[in-house]
Amino acid sequence: MNAVRGFPAFPPQRAGARFATSWWGRAWVKALEDTSLDQGLLRKGRAYAKTGQVGPIAVSPGRIAAVTETEYDTVVRVEQLTDAEWERFLDQVAAKAGHIAALLDRDMPHELVEAAEDAAVPLLPAVGDLEPECSCPDWGHPCKHAAALCYQTSWLLDADPFVLLLVRGRGEQDLVEALQRRDLPVRAAPGVPAAEVFALGVPPLPAPPPLDVPFSPLPLEPAPGVDVAALKVLAASAASRAREVLVSGRLPVLTEYQDRVRLAAAHDLDLGLEAAVRAWRYGGADGLDALETSWTPPKQDLARAQALLESAWEGEQPPRLETWRNRWTLGTLQLRYGRDGRWYPFTLREGEWWPAGPPDRDPSALLPA
């Protein structure tokens, strides 16, 4: 879906304003200046660009156009990439997740452009690739009006490298849709509406490592002045905290109660906290929170979970589901949505809900077989 992008006219710039601060913008300017046969016209073009002699700019596949000096139709043409070249370029974008992220952050990685060139995809223009046209009587190649348009285009490229991709034939939406067809995750750029983010179809994060793996004490030998028992406790405590970082990506500051539960879970201490200890072993601080507090999750999270549960029954009549805030009950099974984005299973035990296993991001994975 190729589109035309319009940009308002640049106002007159302050003295000393620069063209092309990005490396790809400088490559564009170099292609212009290496092509020019008249340095005097280039100087006039720079002056026209800085003094606001170029009107609004329209960018479309293979074409950049503007009215200059309020009367001349000025166009710069660039050859579009072929379908085969686009496929090779997309191969290079897909080869590294960082390429997608960089483009959406309005950056053009050197590595990506070099890889594209190695794949015979001429992304950046070279000498002779910019073809100027203008209705003015000047026979220069380029004339001062086309030069001014090219110089101002370098500012557009600085702000958004997708302008270059659009000139080469495809814009941002085309690129994102092509990557989605390859089943590649594409994160949204900042400021994109939530509905568009969900439409990208970003897959869920992989499951974190389990918390219910028993800790193996260190084989420490007694030594003078060393409290081996205390060292074993410290080692187990450090291992527990490291595991928490792996699961949550953070190391929260614990309350006195949470730390007491953590130590009881790590050292099998009988402190009358059996349910809390089980919750901690399954999910750390987030598991304990799922045991002891209720909260109202975002509607889109619950809707996604509802769809996953319905798909698990494959058209069969699903069992009656009682929902309240972050707690969904199916008979003697209760699923609780944690603030970490995972569902925690609970089973009914003597009238109380007890932690029943490690959590999962997909609630349907916690249903009995």
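Contact, in this talk, means heavy atoms within 4.5 Å. Okay, with that settled, hi everyone.

What we have up here is a predicted model, where local features need pLDDT of at least 70, side-chain atom pairs count only at pLDDT 80 or more, and totals for chains, interfaces and linings use all residues. Residues are numbered from 1 along each chain as its sequence is written, and side-chain values use heavy atoms, with hydrogens and water left out.

First, the overview. The protein chain has 13 helices and ten strands; these are DSSP runs, numbered from the N terminus, with helices being H or I of at least four residues and strands being E of at least two. Of its 369 residues, 44% are buried, meaning under 20% relative accessible area, while exposed is over 50% and partly exposed is in between, using a 1.4 Å probe and protein chains only. And if you take contacts between residues at least 6 apart in sequence, 64% of them join residues at least 24 apart.

Now, the inside. A nonpolar core is a set of buried Ala, Val, Leu, Ile, Met, Phe, Trp, Tyr and Cys residues joined through side-chain atoms within 4.5 Å. The largest one here has 58 residues, and Val59, Phe89 and Met108 have the most contacts inside it. Which helix gives the most to this core? That's H6, residues 144-159, with nine residues. Apart from that core there's another, of 17 residues, including Leu288 and Phe346.

Let's stay with H6 and look at two residues side by side. Gln152 sits in helix H6, and at 0% relative accessibility it's buried. What does Gln152 touch, leaving aside neighbours within four places in sequence? Phe10, Ala49, Val54 and Ile57. Thr153 and Val29 are 124 residues apart in sequence, yet their C-alpha atoms are 9.0 Å apart in space.

On to helix pairs. Two packed helices are described by the angle between their axes and the distance between the axes. Axes are lines fitted to C-alpha atoms, for helices over the stretch in contact, and angles run from 0 to 180 degrees between N-to-C directions.

H2, residues 39-50, and H6 have axes that come within 7 Å and cross at roughly 55°. That makes H2 oblique to H6: under 35 degrees counts as roughly parallel, over 145 as roughly antiparallel, 65 to 115 as roughly perpendicular, and the rest as oblique. Among the residues that meet are Leu41 and Tyr48 in H2, and Tyr151 and Trp155 in H6. By class, this contact has eight nonpolar, three polar and three charged residues. Here Ala, Val, Leu, Ile, Met, Phe, Trp, Tyr, Cys and Pro count as nonpolar, Asp, Glu, Lys and Arg as charged, and the others, Gly among them, as polar.

Last pair: H3, residues 83-94, and H8, residues 172-181. Their axes come within 11 Å and cross at roughly 70°, so H3 and H8 are roughly perpendicular to each other. Phe89, Leu90, Val93 and Ala94 in H3 meet Leu175, Ala178 and Leu179 in H8. That contact has seven nonpolar, no polar and no charged residues.

That's my tour, thanks!
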